[in-house]
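Visitor: I am new to this structure and would like to learn how to read its features one at a time. Could you take me through them, giving the general idea before each case?

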Amino acid sequence: MFDTTAIYEAPLDTLWIVDSQAIKLYTPSTSVWVENATHSMAANIDDSISQQQLPQAQFTVSYRDKIMLFAPQNTSILLEVHATQSIPQNNLFSISHLALHYQENDQHYYHLATNALNVQQPLKGVSVWFTSDSNLPMRLSYRLDPNGQWLPLPSSQSMLSLTADQKNIYLEVKNLNQVNSEPLVLLIKQTALTLPNWFNYLILTTIFIILLLLVIYKLKNGAKHNLANALMAQSKDAIWIANEDFQITDINQAFTTICGFTLADVVGKKPKAYTVEGRDKKLESLIRNDLETDGYWSGEIWNLRKDGQPYALDLSITKVKTPNLRNSSAHYIGLFSDVTARKNNERAMLKLTTRDSVTGLSNRTIFIESVNKAIASCNNNFPDLLIIFIDLDNFNKINESLGHAIGDELLKEVAGRLSRNLDSGYTLARLGGDEFAILVPPYLYSGMTIFFAKKLADKILAQFQTPFMLDGIESFISACCGIAVYPENGYSSEALMRCANSALNHAKKMGHNNYQFFDKSKHTIDSNELNKESALFRAIEHQDFQLFYQVKYNADKNQIHGFEALVRWPQVDGSLISPSEFIPLAEQNGAIIPLTLLLMKQLFKQLELWRNQRVNFGKVAINISALHFQQSSLLETLTECLTNYDVPARCVELEITESAMMDNPEFAQQQMNRLKALGFTIALDDFGTGHSSLGYLKRFPIDTLKIDRSFIKDIIDSEQDRNITATIIRLAKYLKIDVVAEGVETKEQAYMLHVMGCNTMQGYYYSRPLHADKVAAFIEKNNQRKHSSLGND
């Protein structure tokens, strides 16, 4: 290592500059510094110095490539320069220390006398130290290839370490501070065979694997027979082995467990396929052909156990060839498992999906499939087919009175009677509920006349003339039939069944125990009806319906008794559709329940608003359809309204028709008691137009009777109407039931009713139905008129 500072004597008018790279002698010029003429290289000088500033001076030399010139007296800096070139030197440049790094140890050489070495062991790397007799610091460059690029070593570094990536190491080094000296060359040859570590590991691994395979091969050879025996003994699947003649030579214990045959029973015999009908030689031939062609066969088949019981097996047979043996031959290995339980479950599931669970008849899916197949089979010889829909009358009463279990027994008995008395070629199915269907296929119906269909329908209805014994009770059940014919009534199963169902509905409307043929002129649905039905559902969804309020007037007290809420359906043109046009349609398609829910919420919301405005509206009545009255959801709807709105139940009166009580009197009485318990009053609407029983008036908790407008219309001119009306009024008074006469349009009608004792009236004479916004003003105007008349009195 060089000292970091040095002191030199400079000749007169010259200057020595010393750094870690070189020592240079400079002669001053007029403006810049240049090297002595003996050297052709130029120096980069940061500044210039005058000749007078170059006495015999003292210089302090920095180690980091800088020279600073100091004045001898005050040691101030006169000049700072950076050296870039060196003056050539002829001093000795050599290797002072060489270290060879082997896998396990190192080998060292000092003051190496030769530039070539032969190495007997694999090298990891080498380290080389260089020295020079010159006082100048070394500035080294090196290359690892004779034609390679020179690479500089950092200043102050005189040692170089190399890894032995190649077999031979070539190193050429030169000292840039010795310009005329030759580069130093070092050549190290590895004469030993050197293999990478991974290659050694690969050789060892290969040897180990070969030895291991030899051991395994010997073990397998010795244990092959034991392994085969263990496989045969421990397998849960049955295994049999047959020779090239397909004769069984061996079986395992599972074979005997599954089918019952022992080795003595089957050895030397060929496997056979047996069913309850006998030996299936066709299947055996198919299996042998596949084995010869493909060498493999698999499938699920049925066979017989030793005790004669059938069982299902999942069988696979493989043909095994042994060409490596001296005598090439083939063997057959059969393997099967018992899948009887699974097959039985599949049969049960198939039956559930194709058979009705109650009657055992074909279900709707199979019936539709049968109709489609029958239609597809129609041709010129057999062009027609017939289907008949059958529906039991009043079947719901059986379920409700005797229970669903007895209802199922009735369905079974009906299915049994029809099956026993109809041709076996017919397809008999239960479509669902109490509805059955019969398909007469083309080959049995084609060529027949309409009289054949009538005779068949009569025969079907005759099966219901004999009473059914249900839970020890003799019960008479009737039925209706709807008949459709292909191709007159439809070209698809869907169209044909729709026609038969339409004819059935028409038959039920005509009464019990009859049948009807599909008649396009009677049963075709009008497109206007469909449009109106669609519009009805949209109106409910968009809440287009509005309630109008018609006053109920107390003529005796000359004051408003209350109102009746009447629904109207506003149209785009400003007209209103009355309930008589859309309520029957709503009852037919099931829209009546969501419609009632909508109107109930609208009514309670309006009543809550009037109560907040201190409007004395009295009691407001609203109609409940007979269909909705029979639903338990009505109670839930009303309870929800009472909960969500600040309206007491005493403000609302529910109007029901006579038919609502007649359909199911027991349920009607229970429903009325529940409604009364909530606080509602109940009015019997349109009294006298139905089949009312005086016993019902006494039995049911009715608060009000409403006399139908048909009796009020001609009450002035018709003595009969006057007598009927007077009787209803007197009867209501005897039973302590309030009476309301509706449809009062003239003063004479109002007077006549008042004389008869009916004080509460409703009709155009008092007011047309009012929009909700006009009710408060109407009540206020009526109160003012009443006060005015009292003042005049």
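Visitor: Which side chains meet Lys 601 in a salt bridge, and what is the N to O distance?

Guide: Side chains of opposite charge can pair when their charged atoms come close. The term salt bridge is used here for a side-chain nitrogen of Lys or Arg within 4 Å of a carboxyl oxygen of Asp or Glu. In this predicted model, where local features need pLDDT of at least 70 and side-chain atom pairs count only at pLDDT 80 or more, totals for chains, interfaces and linings use all residues. Residues are numbered from 1 along each chain as its sequence is written, and side-chain values use heavy atoms, with hydrogens and water left out. With that rule, the side chain of Glu 640 meets that of Lys 601 in a salt bridge, at 3.9 Å from N to O. The pair links distant parts of the chain, 39 residues apart, since Glu 640 lies in helix α17 (residues 633-644) and Lys 601 in helix α15. Helices (H or I, at least four residues) and strands (E, at least two) are DSSP runs, numbered from the N terminus.

Visitor: Are Glu 640 and Lys 601 buried, exposed or partly exposed?

Guide: Buried means under 20% relative accessible area, exposed means over 50%, and partly exposed is in between, with a 1.4 Å probe and protein chains only. Glu 640 is partly exposed because its relative accessible area is 35%, and Lys 601 is partly exposed at 33%.

Visitor: How many salt bridges are there by this rule?

Guide: The count comes to 21 salt bridges. Among them is the one between Lys 343 and Glu 300, whose side chains meet at 3.3 Å, N to O. Lys 343 lies in helix α5 (residues 340-354) and Glu 300 in strand β20 (residues 296-304), so this pair ties together parts that are 43 residues apart in sequence. Glu 300 counts as partly exposed, because its relative accessibility is 38%. Another salt bridge joins Asp 703 and Lys 676, with the closest N and O atoms 2.7 Å apart. Here Asp 703 sits in the loop between α20 (694-699) and β36 (704-707), while Lys 676 belongs to helix α19 (residues 665-678), and the two are 27 residues apart. Salt bridges also link Glu 564, Glu 655, Lys 706 and Glu 742 in a network.

Visitor: How many aromatic pairs does the structure hold?

Guide: A pair of aromatic rings is described by the distance of the centres and the angle of the planes. Rings of Phe, Tyr and Trp (its six-membered ring) pair if their centres lie within 6.5 Å; planes under 30 degrees apart count as stacked, over 60 as edge-to-face, and the rest as tilted. The structure holds 15 aromatic pairs. In one of these, the ring centres of Trp 240 and Phe 246 are 5.8 Å apart and the planes stand at 85°, so the pair is edge-to-face. Tyr 549 and Trp 610 also form an edge-to-face pair, at 5.1 Å centre to centre and 65° between the planes. Tyr 549 lies in strand β30 (residues 546-554) and Trp 610 in helix α15 (residues 592-612), so the pair ties together parts that are 61 residues apart in sequence. Both Tyr 549 and Trp 610 are buried.

Visitor: How many disulfides does the count come to?

Guide: A disulfide is a covalent bond between the sulfur atoms of two cysteines. The rule asks for a pair of cysteine sulfur atoms within 2.5 Å, and the count comes to zero disulfides. Cys 378 counts as buried, at 18% relative accessibility, as does Cys 641, at 1%.
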